[in-house]
Amino acid sequence: MKVLVIGGTGHIGSYLVPRLVLGGHDVTVVVRNPEPQYTDPRLAWPSATWVVADREAEEQTGAWGQRMDATDADVVIDLIAFTPEQNRTMMDAFEGRVQHFLHCGTLWAYGPSARTPYRECYPRRPVGSYGRMKVEIENELLARYRATGFPATIVHPGHISGRKWLPIDPQGTLNGVEIYRKLAAGEVVHLPKYGRETLHHVHGDDVAQLFELAMNQRERSLGESFSAVTPYAMSLIGCCEHVASLFGMTANLEFVDTDELEAVLGKSAAAATYEHIRHSPCSSIEKAIRLLGYHPRYTTEQIYTECIDYLLESGQLVL
Ligand SMILES: NC(=O)c1ccc[n+]([C@@H]2O[C@H](COP(=O)([O-])OP(=O)(O)OC[C@H]3O[C@@H](n4cnc5c(N)ncnc54)[C@H](OP(=O)(O)O)[C@@H]3O)[C@@H](O)[C@H]2O)c1
């Protein structure tokens with residue numbers, strides 16, 4: 001099939017495009033810089049076709065809509081639509097002439113969970129504009145599916161990670177490698193409150209797996225949303241304990257309130273912690289398993305292990 005991937009060289013696309021190429025598809029990738037960011041460009045990538053275009057710049061002039069109108073594809077995978085307007089342009093361009101349209105959402109569309117693990121059928125209660133716009137996009141895709149049969153599927157990833165992309169760390173931030181050095185050395189790591197808030201990661205290749213499964217089982221995925229996450233969420237304490245155990249250590253944890261955390265981590269890292277703990281995501285993959293046969297290759301522990309292995313190998317983490 002002719003598959004168009006918009007934004008196909010980042011955390012997801014770096015794994016998705018090789019999967020699609022190896023699956024025998026004719027893959028076209030739209031990006032500004034034709035180079036995968038997280039996988040080797042010599043493997044599978046030579047068979048992909050590049051379209052170099054700046055979506056946002058072209059959206060300003062209307063050239064993007066014209067480009068999409070002129071694009072021939074059986075399947076469209078839009079990884080980088082963040083506003084309903086962007087998505088409407090895509091729906092209008094491909095209505096009635098693609099077999100499948102897959103959109104990338106986010107767990108932030110769900111908002112903080114009342115019930116856990118969160119199932120895709122539960123109410124959406126986003127708490128920020130990013131999540132709210134993704135919900136609008138999801139609602140409009142599903143409304144169009146019901147009204148005209150527009151062939152939509154939505155995939156909502158957790159915190160995306162990969163070998164060369166730091167996971168959200170066990171303090172709920174993306175604050176460099178210092179926390180890993182501290183846990184390896186048995187030094188004190190500060191956690192907010194009781195440290196029982198959760199993170200829900202996913203490896204980029206497992207997000208890619210879910211997109212591929214949804215695409216290959218169109219009749220099971222049309223009009224559906226799926227969470228793309230590891231088999232279980234983990235508490236901040238659990239993440240710290242795992243990382244410390246990799247180095248034969250016990251996590252040396254101190255629990256502080258959010259003001260104290262800001263003094264320790266700095267304002268922007270503490271804001272990231274707060275953003276993660278107020279969501280404390282914990283999602284179910286039961287639907288993806290049942291309908292699509294999704295089997296994530298990575299647990300959160302395995303994601304941290306792979307990433308720390310790369311930090312050591314690349315000399316970014318020095319003990
Ligand atoms: N990252 C996360 O933890 C996370 C979690 C949940 C959901 N999501 C969702 O995942 C999606 C993003 O996927 P990702 O994490 O794989 O993205 P990413 O790593 O940020 O990569 C973005 C991709 O889009 C391309 N791109 C960016 N701006 C562009 C433009 N103006 N024109 C054309 N191409 C452009 C980039 O290539 P160039 O720079 O070369 O153009 C790259 O291929 C979003 O829908 C987001 O809401 C992400």
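**The fold and its cores**

Modeller: The protein chain has 13 helices and 13 strands; these are DSSP runs numbered from the N terminus, with helices (H or I) of at least four residues and strands (E) of at least two. This is a predicted model: local features need pLDDT of at least 70, side-chain atom pairs count only at pLDDT 80 or more, and totals for chains, interfaces and linings use all residues. Residues are numbered from 1 along each chain as its sequence is written.

Of the 319 residues, 46% count as buried. Buried takes 20 or more other C-beta atoms within 10 Å of a residue's own, exposed takes 12 or fewer, and partly exposed lies in between; C-beta atoms are placed from the backbone.

The largest nonpolar core holds 52 residues. Such a core is a set of buried Ala, Val, Leu, Ile, Met, Phe, Trp, Tyr and Cys residues joined through C-beta atoms within 7 Å. Val5, Ile77, Val155, Val207, Leu210 and Phe211 touch the most other members. Helix H7 (residues 204-216) gives the most to this core, with 6 residues.

Take Leu210. Leaving aside residues up to four places away in sequence, Leu210 touches Val155, Phe226, Ala228, Ala288 and Tyr294. Contact here means C-beta atoms, placed from the backbone, within 7 Å. Another core, of 27 residues, lies apart from the largest one. Among its members are Leu199, Met234, Ala244 and Cys282.

Note on methods
Two residues are in contact if their C-beta atoms, placed from the backbone, lie within 7 Å.
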